[in-house]
Every structure is written in C-alpha cells, then in structure tokens.
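Hi,

Here is the structure I said I would hand over.

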Amino acid sequence: MKALVWHAIGDIRLDEVAEPQIEQPTDAVIRLTASAICGTDLHFIRGTFSDMKEGTILGHEGVGIIEQLGDRVRNFDIGDRVVVCSTLSCGYCPPCRSGNTAQCDNANPNGPQAGTCFFGGPQATGPIDGLQAEKARIPFAANTLVKVPEGVSDEQAILISDIFPTGWFGAEMAGIKRGETVAVFGCGPVGQFAIASALLMGAGRVIAIDPQEDRLAMARRQGAFTVNFEKEDPLEAIKTFTGGMGVDIAIDAVGVDSQHAHHGPAAKQAEQKKEQYRKEVQQVAPENSEHQHVRNGNWVPGDAPTQALEWAIQALKKAGTLSIIGVYPPAAQTFPIGMAMNKNLTMKMGNCNHHAIIPHLLELVRMGAIDPTQVLTQVEPLSDVVSAYESFDKRKPGWIKTELLPSQ
Ligand SMILES: [Zn+2]
Ligand SMILES: [Zn+2]
C-alpha cells in the first residue's frame, strides 16, 4: 500500500510499504477513507520536534472503515465507520478513567511514565505508524476509535480526529465563563477551532492574532476581532479591545514554530531579542537551526520559539489564565516564568484528551450546532501528499487545512 514515510528532517516520501496486520488482540485494522495534514506534522520535518525514527509513517488524523478486529475489541463490528483519536488510550487505567486519556498508562510502548502516545510521532511517543496511508493498525482500538454517527460526513469527521477536539480542549481547560474576553494566538486550524469553541462556551469577545491575512479573514467570519502582528503591535491592539485591562484568557495555539514580527512596530522589539531567539531555535532544533535541511524554502523552523507564549502572558490581565495547546518538544526549556509569576497567572497546558472529547463534538456536529468544514480549504489525493505538505509548510495563501483522500 501507499503511505507517507518520514526518512529524515526535510525528507518525506510517498513509499510502497507492507499492509498492516493485527498484532495484538486489542488491535484493529482500518481502511482509511480520509486523512489530513496537521501543523504538528510540520515540526517533525522542520526538526523542531526531534527523535523521529526513520521509516515511521506520518499522520495522526483519520477516518475509516474497520476491516479486521482483534478478539478483545468487543464494541465494534467489521464495516463500522470510525474516527481515529490522534492520541491512543486503553480506557481502563486510572488516567483514562479520569478523562486524561492523553496520559494513558498503557498505550505508550515506552512505559507508563512515557507520556502521550500518538500516531506518526517521535520514538518517545511510540512510535506508532501513522494515518497518511491507505490502511492503518490501530492499537487499543476499543478506546482509540470512536464510531461516526449517521449524518456526520467524512469531511466533518476528519476535522474531529484531532484539530477540533484540540481547540475545544484549549478552551475547556481555560474554564471560560460567559462574557469573558479570550485572546487566541495562532489562527491555523487548531486556533480556528479554539475560537469556535470559546464562542460556543459563551466567550463575550474573542481576539485572534496571526500574521496571515487569509487566516485572519477566517477568524473574522467566525466573529473574532483580528490583529495582524506584521502590521501593528499586538499588545497595543489587545489593550484597545480590552479597555486597557488585558484579556481574561489567552490560548497559545502556535507552539514551538512561533515566528516574531518582520514588519511594523513589533519587528523593532523582536530585533532586540534576536540573539535570545537564535539560542532558542538552536535548543529545540539542533539539526536544522542553521537551515541545514531547508529545500526550496521549505522546512524552515519558526524563528522565535517563545514569541507566542511571551505575547500571551503580556496580553493577559492580572490573575488571568493561560492555556497552552500549541506543541512544544521536551527539548524546549525556555519559558517567561518571571512575567507569569508576578501577574499571579493560572497556567494550564497539555496534549488533547481526544477520546474524552470526540463523542461530544460528533454529537454537536450531528445536531448542526457547528459545521467544522468551515475550516477545510483543500482536498487532495494521497498521491499529491508531498506537494500538499510543501504548500502548507510555506503557508501559501488559502492553504489552511488539507484533507487527504487515501484511495486516490
Ligand atoms: Zn493534528
Ligand atoms: Zn489508559
């Protein structure tokens, strides 16, 4: 079968690989009918999340049909249409039973203390072969798969595999109360769903910050106030929209590939921190910090890993809440702790507990409360996956979220 394989930083290929088989009685094998490219995948190719193993199939978002079931998966039938939770979970350990399915004790082959296990990630997360493929083996299938109800399309379900639940998780752990003002840093797909979720939870005002006009336009269509940090100082703009007080809640939906401003008033401040940012990039992306793996302008690491965090902390009101859903690798060790401490901030962060959230979002979509396809901008055959990655990586205008069709 065809699958997208990680070979090295800056080197991914659509390869012919062996079809997956049932290996454990808790496994299932699914034929994928939809997959997708995620910003998280870019970290592995840019080298800002290292420790990938050559030969790992990429991708952690999928919808498919069950073709084979292990003996101990008793809650599904062959032929069921399912959405895959990006993070794997057993469903019976203490973290799973408390809803912290991303911290499952049993899913990660590296042991109970190894942390989140997800598809298509680095060695410390499994590695588990991913979902940008025609078929996939799903370990702990009873909990890692969720049945898609009738009335929810593949296009809708693929956005509920990871990015909608991650945005929801960011808004939910921030504890948004009716009327509150929320700043969302980063208007990629996860940021868009953080905006949507904050509004569904009753936020009074959402301010969206990004350098890309197409993403800001999508945020405005959802009802957010938009700020382009290449044109104005985002902190000044946020002051204007909050009566000088700052926001109640800030959500970082950017993560390690954060960029500083290159134009406008915010670029001047970034210039003074150039050396600090250079060191940070070296820390998180030691093999690509000098752009050793950059090809035709692709796979450039973000140039200011802590910029989004720093702005989020500065934009918050005193005693506000910071919620981090942008991805940071274990190698990231810089955090503006002093600024946060002296404002009495509350900080929440983590990998999305997909299994705990996905059933609720499937129901919201089935009822028509929200249509997630408003964020989907491209549908591409798996045969074009490498060029789709290149366009998404370069943030080509209009390329916000790409669904892949594995059978084409
Ligand atoms: Zn994802
Ligand atoms: Zn578990």
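Ile-163, Phe-164, Thr-166, Gly-167, Trp-168, Gly-170 and Ala-171 of helix H5 meet Pro-189, Val-190, Phe-193, Ala-194, Ala-196, Ser-197 and Ala-198 of helix H6. Contact here means that the C-beta atoms of two residues, placed from the backbone, lie within 7 Å. By class, the H5–H6 contact has 10 nonpolar, four polar and no charged residues. The classes are these: Ala, Val, Leu, Ile, Met, Phe, Trp, Tyr, Cys and Pro are nonpolar, Asp, Glu, Lys and Arg are charged, and the others, Gly among them, are polar.

Before going on, the ground rules. This is a predicted model: local features need pLDDT of at least 70, side-chain atom pairs count only at pLDDT 80 or more, and totals for chains, interfaces and linings use all residues. Residues are numbered from 1 along each chain as its sequence is written, while chains are lettered from A and ligands numbered from 1 in the order in which they are written.
Helices (H or I, at least four residues) and strands (E, at least two) are DSSP runs, numbered from the N terminus.

**H5 and its partners**

H5 spans residues 163–173 and H6 spans residues 189–200. Their axes come within 7 Å and cross at roughly 55 degrees. Axes are lines fitted to C-alpha atoms, for helices over the stretch in contact, and angles run from 0 to 180 degrees between N-to-C directions. H5 and H6 are therefore oblique to each other. The cut-offs: under 35 degrees is roughly parallel, over 145 roughly antiparallel, 65 to 115 roughly perpendicular, and the rest oblique. The crossing of H5 with H6 is right-handed. That term applies if the near helix is turned clockwise from the far one by less than a right angle, and left-handed if anticlockwise.

H5 also packs on helix H13 (residues 354–367), at about 105 degrees and with the axes 9 Å apart. That makes the two roughly perpendicular. H5 brings Phe-164, Pro-165, Trp-168 and Phe-169 to this contact, and H13 brings His-354, Ile-357, Ile-358 and Leu-361. Seven of these residues are nonpolar, one is polar and none is charged.

A residue is buried if 20 or more other C-beta atoms lie within 10 Å of its own, exposed if 12 or fewer, and partly exposed in between; the C-beta atoms are placed from the backbone.

Which residues of helix H14 (residues 385–393) are buried? They are Val-385, Ala-388, Tyr-389, Phe-392 and Asp-393. They cover an arc of only 130 degrees around the axis, which puts them on the same side of H14. The arc is that of the directions from the helix axis to the C-beta atoms. Val-386 and Ser-387 are exposed, on the face turned away from the buried side. The cover over the buried residues of H14 includes strands S1 (2–8), S2 (11–16) and S3 (28–37), helix H1 (39–46), and strands S14 (378–381) and S15 (402–405). After H14 comes Arg-395, with a positive phi near 55 degrees.

In helix H10, the buried residues are Tyr-277, Glu-280, Val-281 and Val-284. They fall within an arc of 100 degrees seen down the axis, so they line one face of the helix. The face of H10 turned away from them carries the exposed Glu-275 and Lys-279. An α-helix has 3.6 residues a turn, so residues three or four places apart point the same way.

**Helix H9**

Ala-266 lies in H9 (residues 264–272). Ala-266 is buried, with 24 other C-beta atoms within 10 Å. Leaving aside neighbours within four places in sequence, Ala-266 contacts Phe-229, Asp-233, Pro-234 and Ala-261. Lys-268 is exposed, with 10 other C-beta atoms within 10 Å.

**Backbone points in loops**

- Trp-299 has a positive phi, near 70 degrees. Its loop runs between H10 (274–284) and H11 (307–315). With 25 C-beta neighbours inside 10 Å, Trp-299 counts as buried.
- Asn-344 has a positive phi, near 55 degrees. Its loop runs between H12 (337–341) and S13 (346–349). With 9 C-beta neighbours inside 10 Å, Asn-344 counts as exposed.
- Gly-126 and Pro-127 are joined by a cis peptide bond, with omega about -15 degrees. Pro-127 sits in the loop between H2 (94–97) and S6 (135–138).

Best wishes
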